[in-house]
Amino acid sequence: MLLAMKIKVAITAAALASPVALTIAPVTSGGYRSVDNEITEIAARPFQYRVAGDFSRDGKPAEAPLREARLSGYLKIMTSQVTSREYARCVDDAGCPRVSHASAISDRPMVGVSWRDAMAYAEWMTNKTGVLHRLPTDEEWVFAAGEKARDEALPLADPVDPAQAWIARYEAEANRARPVALDPQPAGTFGRNENGLNDIGGNIWEWTNTCFLRMTLRPNGATQVTNTNCGVRVVQGAHRTYMTDFIRDPRTGGCAAGVPPANLGFRLVVEDERLPAFRGMVEKIALEFRVRL
């Protein structure tokens, strides 16, 4: 029996060491089951991150720096984008604004939402579950997107001539391919990435919580923030762009930089320290058993 227990613990620890999909136990509040969306947990590891924002060097446009990054711990993020059905529950509970959107199909991703709408949903989910839900940062989104994240170092053409540099950047953005389907599609239509997330980089761009920054690059590679605009947020999808936080339909305007997205939706990060604590306990026990064996 002791041997069986050792094996079970060892298997559990091994399984927890890699990305895993799990569903948070529903929390009932007034008969409401608060969580439907599957959660994927991704172990921290180094990755390449091109910093979001607008950069200049000596008063001329400059390429955003590409850096080696690593999150502080496990990232727990929704496997799929929040659906119309999920958002409707928040509306019915008076937690979210009622908005018009491109698809009334309940199991399709919710689109036509602003950053403010997404934040309202996150707050409502937090209150319903007792577990913190929030929008990911741009850095977290890039990490979770894995190979689906596009490293878009825009050409600077002639760095001596700022006008030529801006024209080159405009042409690069304008030539980006748009997704064929514009309407929200069923989860999984655009495939799963290596981290198990659905539809990363499909036809829905996702709000992040990262503010739009203008930064100056110093000769030693350090960055200095010259302007912070939190009325504009980073949006991620088939490419990175920046949207005014109250915009719901990108086709009406509000795109602060880059080519406008086709649709605006979102998925949330879940903060729950209880599971990492349990993970550490299991891994410690498993290690002790391996030593004894």
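Student: Hi! How many cavities of 30 Å³ or more does the count come to?
Tutor: Hello! In this predicted model, the count comes to 4 cavities of 30 Å³ or more.

Student: How much space lies in the second largest cavity?
Tutor: About 40 Å³.

Student: And which residues line the second largest cavity?
Tutor: Its lining is made of Q81, P109, Q185, P186, T189, F190, D199, G202, N203 and I204. By type, that lining divides into 4 nonpolar, 5 polar and 1 charged.

Student: OK, new topic. Which residues in the largest nonpolar core touch the most other members?
Tutor: Those are Y87, Y121 and F266, in a core of 30 residues. Helix 2 (84-92), helix 3 (115-129) and strand 11 (205-217) each give two or more residues to this core. Helix 3 supplies the largest share, 7 residues.

Student: What is Y87 in contact with, leaving aside its neighbours within four places in sequence?
Tutor: Y87 contacts V82, C96, P97, V99, M110, V113, D117, Y121 and F266. Apart from this core there is another one of 26 residues, with A62, W141, L197 and L217 among them.

Student: Back to helix 3, then. How many of its 15 residues are buried?
Tutor: 11 of the 15, so to speak a mostly covered helix. The buried residues are W115, D117, A118, A120, Y121, A122, W124, M125, T126, K128 and T129.

Student: What span should helix 3 have, at 1.5 Å a residue?
Tutor: With 15 residues, helix 3 should span 21 Å, and its end C-alpha atoms are 21 Å apart, so the two agree.

Definitions and conventions
Residues numbered from 1 in each chain as written. Predicted model: local features only at pLDDT ≥ 70, side-chain atom pairs only at ≥ 80, totals over all residues. Heavy atoms only, no water. Core = buried A, V, L, I, M, F, W, Y, C linked by side-chain atoms within 4.5 Å. Buried < 20%, exposed > 50% of the residue type's maximum accessible area, 1.4 Å probe, protein only. Helix = DSSP H or I, 4+ residues; strand = E, 2+ residues; numbered from the N terminus. Contact = heavy atoms within 4.5 Å. 1 Å grid on protein atoms, 1.4 Å probe; cavity = no way out; pocket = protein on both sides within 12 Å on 5 of 7 lines; lining within 4 Å. Points joined across faces, edges and corners; volume = space filled by probe spheres on them. Nonpolar A, V, L, I, M, F, W, Y, C, P; charged D, E, K, R; others polar. Expected span 1.5 Å × (residues − 1).
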